[in-house]
Amino acid sequence: LTITGNARHGYFSDEYTVLKADCGSLTVSAAKNDGLHINEYFRMDGGTVSVTCEGDGLDVGKKLKGSEYDGQVIINGGSLTLNSTGDAGKGIKAEGDITIAGGTTAVTVSGKAYYDTEKQDVTSSSAMKTDGNFNMTSGNLSLMSTGMGSKGLNVTGNISVGGGSLTVVTTGSVY
């Protein structure tokens with residue numbers, strides 16, 4: 001399946017999205033906003049996903065208060081490649097926890113930071129951002145940020161890396 005988001009998101013789900021081990025491939029060739037925008041949770045058990053966008057590569061929000069997986073990104077397998085070029089774009093953004101338990105994930109963001117007059121704060125690009133915890137037990141995760149003021153791994157909660165391979169590179173200049 002190949003999707004192009006000419007006006008906004010490439011793929012939008014008001015609920016959860018689960019990619020099973022035999023799901024094949026999903027490509028968002030371009031999106032003016034988020035490549036994948038999901039309102040409950042995202043779980044990837046296999047397949048191949050490739051996203052090129054100007055907003056967030058994978059954006060998962062909270063929908064159901066108290067739901068077990070609400071706001072989470074769970075990657076158990078497969079191949080996930082995300083490329084965000086927009087200012088303050090996030091490669092993977094989750095309001096809940098992010099769990100990497102397998103697969104190969106490569107995230108690149110190149111947008112720069114800017115001053116948000118509404119929030120009266122600087123907002124910047126991040127290869128991965130979670131308002132929850134980051135947990136990694138296995139798999140390969142590569143995060144690269146090249147824009148001015150960008151961040152590699154931005155976690156509000158706890159960071160736990162018990163296995164796998166994690167590479168984080170930031171090369172952007174100071175904002």
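This is a predicted model: local features need pLDDT of at least 70, side-chain atom pairs count only at pLDDT 80 or more; totals for chains, interfaces and linings use all residues.
Visitor: How many Å apart are the closest N and O atoms in the salt bridge of Lys63 with Asp14?

Guide: A salt bridge needs a side-chain nitrogen of Lys or Arg within 4 Å of a carboxyl oxygen of Asp or Glu. Lys63 and Asp14 form one. Their closest N and O atoms are separated by 3.2 Å.

Visitor: How many residues apart are Lys63 and Asp14, and where do they lie?

Guide: Lys63 sits in the loop between strand S8 (58-60) and strand S9 (73-75). Asp14 belongs to the loop between strand S2 (11-13) and strand S3 (17-19). The pair thus links distant parts of the chain, 49 residues apart.

Visitor: Is Asp56, the salt-bridge partner of Lys93, buried or exposed?

Guide: The side chains of Lys93 and Asp56 meet at 4.0 Å, N to O. Lys93 lies in strand S11 (residues 90-94) and Asp56 in the loop between strand S7 (48-53) and S8, so the pair ties together parts 37 residues apart in sequence. Lys93 is partly exposed at 30%. Asp56 has a relative accessible area of 8%, and buried means under 20%, so Asp56 is buried.

Visitor: How many salt bridges does a search of the whole structure find?

Guide: Among them is the bridge of Lys129 with Asp131, with closest N and O atoms 2.9 Å apart. For the whole structure, the search finds 7 salt bridges.

Note on methods:
Residues are numbered from 1 along each chain as its sequence is written. Side-chain values use heavy atoms; hydrogens and water are left out. Helices (H or I, at least four residues) and strands (E, at least two) are DSSP runs, numbered from the N terminus. Buried means under 20% relative accessible area, exposed over 50%, partly exposed in between (1.4 Å probe, protein chains only).
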